[in-house]
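Please examine the structure shown below.

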Amino acid sequence: MDPIRLSRRDMVRMASFSLAPLALPGWRPRLAFAPPGNAPIGDVMVCVFLRGGMDGLNAVIPHAEDAYYDARPTLAIPAPKPGDDSAAVELTDRFSLHPALRPLKDPYDAGSLAIIHAAGSPDPTHSHFDAMDYMERGTPGEKQIPTGWIARHLQTAAWENDSPFRAVAIGGVTPASLRGPIPAAALRSIADFHLPGNPQGVTLIQETLSSLYASTPQDPLFESLATQSDTTMEAMETLAGLDAASYETENGAVYPEDEFGLALSQVALLVKSELGLEVACIDLGGWDTHVAQGADAGPMPTLLGSLAAGLAAFDQDLGQRMNGVTVVVMSEFGRRLQENGGAGTDHGHGNVMFVMGGGIHGGKVYGEWPGLEAGQLYGPGDLAITTDFRNVLAEVVLRRLGNERLEEIFPGYDSFSFLELAEERPV
Amino acid sequence: METHLTRRDFLRLSSWSAALAAMAACNPLAPPSASTDSPIRLAAEAARTLHLLRRATFGPSAADRTRAAELGIEDWLEEQLTPDGDEGPAVAERLSRLETLSLSPSELAGLEENGRVVRELVTATVVRQVYSPRQLYEQMVDFWSNHFNVHIRSGFVFLLKGAEDQDVIRRHALGRFPDLLRASAHSPAMMVYLDNARSSQPSPNENYARELLELHTLGVDGGYTHADVEAVARALTGWSVTGRRDRRPLGEFIFREAWHEDGPKSVLGHDLPGGGKADGDRLLEILAEHPSTANHIARKLCVRFVADSPPQPLVEAVAKAYLDTGGEIPAMLRTIFLSEEFSAAAGQKLKRPLDYFVSSLRVLGVDGEVARPIAGLLELLGQVPFHWPAPDGYPDQAGPWLNSNQMLYRWTLALMVASGDLRGMETELAAIADEFTEPEALVDALSLHLLGAPLPADARQILLDYAPAAPASVQPQALAGLILASPHFQIR
């Protein structure tokens, strides 16, 4: 084996996650992942999780509510006003977008972006970690079921798909929603998903490693490692066939130059490459805005800008392919109506969700609005929840992904009630 | 399409690597010690010792194994639980080059170039994990740094974290939990990170109050209500940090009387005195004495050192040790490491990325300059100290880490070792290669040196089948790299 020469440029590439040239080894990807006649039938689902508790009341602003303006003396966004760019962007006579979310106005107007307000998980917890856990397991108030809701969707789907990219998490950590018997790939960068060294040497090393991982004693941890080893080998083999360097966005789409934009562009590449992707998970963190969250400028508006620019670029890049893609955006809870003494907001309850795709009846703010007056609020002064997040996800799973086994995906839930925001996908 | 992180992001990534790369000192290959006991007892004792070393250290080096064999399990554990103040020349020499370590927050704030503050603190942390003989102490520093997680990239926390590392975490890592808790609650880094520094009456900030109950003491199911969270937030109003307008050095704890809400408060059924800083002081005592706190800390320690789902009787025994001793941390650790449940749990924990990274450097006996590309892999593996953004600290269980990204970068690190091109970094492999030249003997010697135990027969045969394909000049490195990449080095 030749010495590996990992140049400084290589490290810059690895470290900056850029889409850079890669050497093609001697294999070709297997492009047929599913047995004929039993291929996945549904959309690719992209789940964006906003970690930290996104302040939905300052993202989709209830501008008709005096209580909103009374409770947020420094944080409230002015009601829509023609010609005023710092005012909210009107959607309906009741709701408007934060100005930093303006890029989402296009997919909303085009009818592919649906907004659900006062949505969320009914469990009353104000703990980030419990709330995220409940949402990702799909079982509010229940921690006994060890798998995630997306993992159970994959497990119960009526089709087969042995692609290593059936489910992908962009990043270094597997989210709880994907934990389960179907291995999900985690990756930071498609271009860098290969081992250093010359192709012949690496091939031999990979064969040796595969043997080592296959030879382990019977033991749950060793078996999990062997599964991950297989997935990683297959992923390397498959991605080696992708020329990530020559990937160009379509329709003039420009992704924001941040981690979220890069993550979405990688998902777009996976979708276009038809590698058998069914589900992709992306995290966008930083929403725990207890102090100085910013009204029109500051930490939260910056995050909103990143979110909107990324989603709009993804929508534009995929163009007609969005007819087979559904994006779901959620967060563990919303934030208290009343701003605190530090010009921030504490943990709340109800929140906003976004669903975007060609099969979505967009251009509408869904959900029953519970109001913000005293007596209408939940717990310590939070937006109430009128739409259980499971109803939104279940409708997407059934109508867009084509999986009917909702009782297994959301065990213990028996109040499925759809908002009619998704069109039944033609088989 | 041009999509990439900014140059600034890359510099941030590579810069601490550079500081780590600037380390150099000696770490001699320690010879295995001889003993004269019966072979069977010796083998059992060796297995127990290896299991303890794998859990209580960042990966047993040859020197650790020698020391533990000399002292025996109980005495080695006692030595680790009561370390003296000497970090040894390998650490001291390396730390002496990190100039910002000894500066106060206000001195750090006055630096013209403060980009090296974070990288030097991270470097110091990894240096100590790799080279300190006080391994269990460093494990506990890491444990408490995650238990009381403070994200160093959160605002100006980076100016305060070094002081916290010294005055809170390192001072109390093997002391009493109530002292540690009290120090953390007076820590400017924590007060800023969880926003208590800005919490004042009449609308207090709940962030620190909630995490104090949920993460630091009682645990999420520890039996508190939202009313308790609100009362705790009110009790802690005014616990803050000096800023530029205070006539005191920047970044120190300050109690702001005028911000404090003096009304009556009840927390977990206890009435607080209703006045001034005594509210918060009493609150911390109530929390530290609460059985839920004992249980929460006990469970987390057992997850760290025993198993992802630890046996309940052991958790209860450790919680009892907490309550019996008023929260003595060594008493809890003794209970864990000398338990039957611990002995029965060998090989059941996946190494976290940091464990993998540090243990690789330790078993290789890395000396000289740690090559920058290798140091940069810790970022790609995803566990640079103090860089987890949420207050719960890096995950301590396998689930989040058992994925392809992790395999890719673990293998990458191992293959860089295998290439023999470590950019001037020296390892103990050369000495092994000099002594053992036949493939069988070489594989066996490497297995013992890197894993502390022989490889299973089939894995050994796979390496022997591979051996002829490796160029003779780097054959020992190639085999060592494969051992580090193998499943047997992923567990602890």
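R390(A) and D388(A) form a salt bridge in which the closest N and O atoms are 2.7 Å apart; a salt bridge here is a side-chain nitrogen of Lys or Arg within 4 Å of a carboxyl oxygen of Asp or Glu. R390(A) counts as buried because its relative accessibility is 8%, and D388(A) counts as buried at 11%. The term buried means under 20% relative accessible area, exposed means over 50%, and partly exposed lies in between, with a 1.4 Å probe and protein chains only.

This is a predicted model, in which local features need pLDDT of at least 70 and side-chain atom pairs count only at pLDDT 80 or more, while totals for chains, interfaces and linings use all residues. Residues are numbered from 1 along each chain as its sequence is written, chains are lettered from A and ligands numbered from 1 in the order in which they are written, and side-chain values use heavy atoms, with hydrogens and water left out.

A further salt bridge in chain A joins the side chains of D288(A) and R335(A), at 3.0 Å from N to O. This pair links distant parts of the chain, 47 residues apart: D288(A) lies in the loop between β8 and α9 of chain A, and R335(A) in the loop between β9 (325-331) and β10 (351-357) of chain A. Helices (H or I, at least four residues) and strands (E, at least two) are DSSP runs, numbered from the N terminus. D288(A) counts as partly exposed, with 23% relative accessibility, whereas R335(A) is buried, with a relative accessible area of 1%.

T289(A) also lies in the loop between β8 (279-285) and α9 (299-318) of chain A. With a relative accessibility of 6%, T289(A) counts as buried. What does T289(A) touch, not counting residues up to four places away in sequence? T289(A) touches M300(A), R335(A), G344(A) and T345(A), where contact means heavy atoms within 4.5 Å.

Over all chains, the count of salt bridges comes to 54. Side chains of opposite charge can pair when their charged atoms come close. In chain B, R116(B) forms such a bridge with E113(B), the closest N and O atoms being 3.9 Å apart. E113(B) is partly exposed, with a relative accessible area of 42%. A network of salt bridges links D142(B), R304(B), R352(B), D355(B), D396(B) and R492(B).

The strands of chain A come next. Strand β6 (residues 167-170) of chain A is covered on both faces: A167(A) and A169(A) on one side, and V168(A) and I170(A) on the other, are all buried. β6(A) pairs with β8(A) in the parallel sense over four bridges, and A167(A) stands opposite V279(A) in β8(A). β6(A) also pairs with β7(A), again in the parallel sense, over three bridges; the bridge partner of V168(A) in β7(A) is A185(A). Two strands pair if DSSP finds at least two bridges between them.

Elsewhere in chain A, an open sheet of three strands has the order β2-β4-β3, with antiparallel pairing. Its edge strands are β2 (60-61) and β3 (89-90) of chain A, each of which pairs on one side only. Two bridges join β2(A) to strand β4 (residues 96-97) of chain A, and I61(A) has S96(A) as its bridge partner in β4(A).

How many of the eight residues of helix α5 (residues 149-156) of chain A are buried? Seven are buried, so the helix is largely enclosed by the rest of the structure. The buried residues of α5(A) are W149(A), I150(A), A151(A), R152(A), H153(A), L154(A) and T156(A).

The final topic is the interface of the two chains. Here 76 residues of chain A are in contact with 71 residues of chain B. The area buried between chain A and chain B is about 6300 Å², of which carbon and sulfur atoms give 67%; buried area is the accessible area (1.4 Å probe) that two parts lose on being put together, summed over both. Two salt bridges are found across the interface of chain A and chain B. K143(A) forms a salt bridge with D221(B), with the closest N and O atoms 3.4 Å apart. The elements that give two or more residues to the side of chain A that touches chain B are α1 (8-16), α4 (128-137), β7 (185-187), α6 (199-214), α7 (220-240) and α8 (259-273) of chain A. α7(A) gives the most to this side, with nine residues.
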